Each structure stands twice: as structure tokens, then as C-alpha cells.
Amino acid sequence: MLRDIKALTVVKALAVTAVVMVLLTLPSLVNPYRLFLVSLVAVYMVAGLGLTIIMGWTGQVVLAQAAFFGMGAYLTAYWHEWMPWPLAAALACLAAAAAGAVIGFPAVRLHGFYLAIATLAFSELVRRGFVELDSITGGIAGTDVEPVQFGGLDVAASQWYLALSVAAFALLVAWRIRVTSLGRCLLAVRDAEVATASVSISAARYKLVAFALSAAMGALAGAVYGQLQAYLTPEIFGVGLLIQFLVVAFVGGVTFLLGPLLGAIFVVVARELLQDLGAGQRLAYAIALILVVRFLPSGLAGLPALWRRFRTRRSAAAPSAPAAGEQPALASSGGDA
């Protein structure tokens, strides 16, 4: 038994090492377009982690992630003209977190459908602001983004390492939130909000924290997305992008840490396969979302748990085999007769 555990540990360590080596050498293994797609998976995963915090762990139906995503993209591109990209991205995340806390303050008293409508209205208001704030966003015509390059790397490789670094950082932050008391309090607010006051947990305060964290994650993803797109226009951050984020969260598994990664892979692959459909992509995403919510509510990340439950039930339902040397009851009674 101990030998099997050690062997399994070694296999896991080798698998993780192999994955890390592939990720670090990816620019030399694939062409720039495929590298762009993988970078896009990393960006969508970070945005999806924000939805995991606010929707999966706190139970709030918030539809403003596209707005925070756009804030991160525009503010980082604007501030990057005067400061290094990491500092510009950090300030954009702080601004988005503050905006998330501000809209969260009145929204914590809303639930379900009403909260979804309020945050969707905020998202459309922000997108209208992208059109009106011409000096920062370039208005309806848009604005270009100054690319970030590392050392002697080309633009595509620099974008990939930037996206990979940000995705690893966001995953680490989300994991720390999940395993600490903050994560447990967020789950308590989701599962038993009425009872939280009896154990000195302020549901309103933890909802505000979740709003701010989710907005910051969205802005961080948007900051990298600006680098991938190189040119930003307000229509990018509309309802179509919001639907993609919802598919990332729910198809991957909105309560699981690795769910956004699976959902992001699904969305990027589907986008490539369905690119000839044009606006019909939204319909395809909507159908996928409905099917998952109806038949697979735990998402792709929940499949292993479903499979284990299925095997357990099948084993419990199967008749037990007779022990060695034990005669069947019918044969035994016939011999006695």
C-alpha cells in the first residue's frame, strides 16, 4: 500500500514537471496563432476565477464581469503610457476592486433575479462610459495598446509569458482564498446566510469582499487581454463577452478551482470551430449553457465525482458473489431432499 502511494506521488510529480516544461517552452513548439489561442485560454480562465469567487463560492448572481474586464483593459493601456505595465495593471485592479465594492454596497441587499438585473445595468452603463470617455478610451473608434516585450522575445512569446504568469498568480490567489477562513466564510454565506449572524460572520461584509475580489480578477484578465488584442473598442465588452464568461464558469464548473480552466478551453475551442457562424455563436453558447445547467450542474470539473458516485451505486446494487466453498442454497436443499 505504501509502495503504491509513493509510486503515485512520483507519477504526479513527473506529470506536473512535464506540464510545466511544455508550458515554458510552448513558444518554440507552436505557431504564433496557436500561441495566441492558448494565451486567450489563460485570460478567460482568470476572468472565470472571478466568477467562481462571486457566483460559485458566495452564491451571488452577478453579471458585471465584462465591465470590470473592460476597465482593466482600458485603464492598464492608458496608464501604461506613463508607468511600467505591472504597476499600471495593479492600479487598474485596485480601481476595479473599488468599483466592485461600490456597486456591491447596495447590491448586497438584492438577491437572484434583481441582483442580476442591477449588475447587468451597471455593465451596460460602464460600456456606455467607454464610448463617452474619449480622452481615455478613444471613444467609439477605439484606442491602440502599447505592446509589452520581454528581453529578446518577440511580441507573441512575450504575450504568452505574461498571460501564463498572470494565470499562475490568479490561480494561486484563488487557491489561498479557498483554503483559508475567508473561503470558508464565503461558502457559509452561500450555504447558510441566515445562520451566519449567529456565529459572528457578517454576510454583507463578505459579499463586499467577494465583489471586490471578483472585480479585481476581471480587471487583471482584461489587462492581459488588451495586450493580446492590441486594439480596444467598446463593443468588445458587450453582452457577447458576458455570455462567454458565463459559459467559462458554468461549463467548467462554477464551484471548482480548476473549472474556469476547463471552461476556458471549451470556449476557445468552440469559438474556433464555430467562427463561420458569426452571430450564431451566441446561440451556440446559450444552448451549451442551458444543457449544462440542466444535465450537468457541476460542470466538466464535476465529472470525476459523478463517475465515482455512479460506480459506488452500481457496486451497491450488484449481488454479492458466494464465498469460496459455499454451496448455493438451492443445490444444498436439493441434496438434503
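Reply: Helices H3 and H5 are roughly parallel to each other, a term for angles under 35 degrees, where over 145 is roughly antiparallel, 65 to 115 roughly perpendicular and the rest oblique. The model is predicted, so local features need pLDDT of at least 70 and side-chain atom pairs count only at pLDDT 80 or more, while totals for chains, interfaces and linings use all residues. Residues are numbered from 1 along each chain as its sequence is written, and side-chain values use heavy atoms, with hydrogens and water left out.

Helix H3 covers residues 65-79 and helix H5 residues 112-132; helices are DSSP runs (H or I, at least four residues) numbered from the N terminus. Their axes lie 8 Å apart, at an angle of about 25°. Such axes are lines fitted to C-alpha atoms over the stretch in contact, and angles run from 0 to 180 degrees between N-to-C directions. The crossing of H3 and H5 is left-handed, meaning that the near helix is turned anticlockwise from the far one by less than a right angle.

On the H3 side, the contact (heavy atoms within 4.5 Å) is made by Ala66, Ala67, Phe68, Gly70, Met71 and Tyr74. H5 contributes Phe122, Ser123, Val126 and Phe130. By class, eight of these residues are nonpolar, two are polar and none is charged. Here Ala, Val, Leu, Ile, Met, Phe, Trp, Tyr, Cys and Pro count as nonpolar, Asp, Glu, Lys and Arg as charged, and the others, Gly among them, as polar.

H2 spans residues 32-57 and includes Ser39. Ser39 is buried, at a relative accessible area of 2% (buried is under 20%, exposed over 50%, partly exposed in between, with a 1.4 Å probe and protein chains only). Beyond its neighbours within four places in sequence, Ser39 is in contact with Gln159, Trp160, Ala163 and Leu228.

The axes of H11 (residues 239-252) and H13 (residues 280-295) come within 10 Å and cross at roughly 30°, which makes H11 roughly parallel to H13. Their crossing is left-handed.

Notes
Helices (H or I, at least four residues) and strands (E, at least two) are DSSP runs, numbered from the N terminus.
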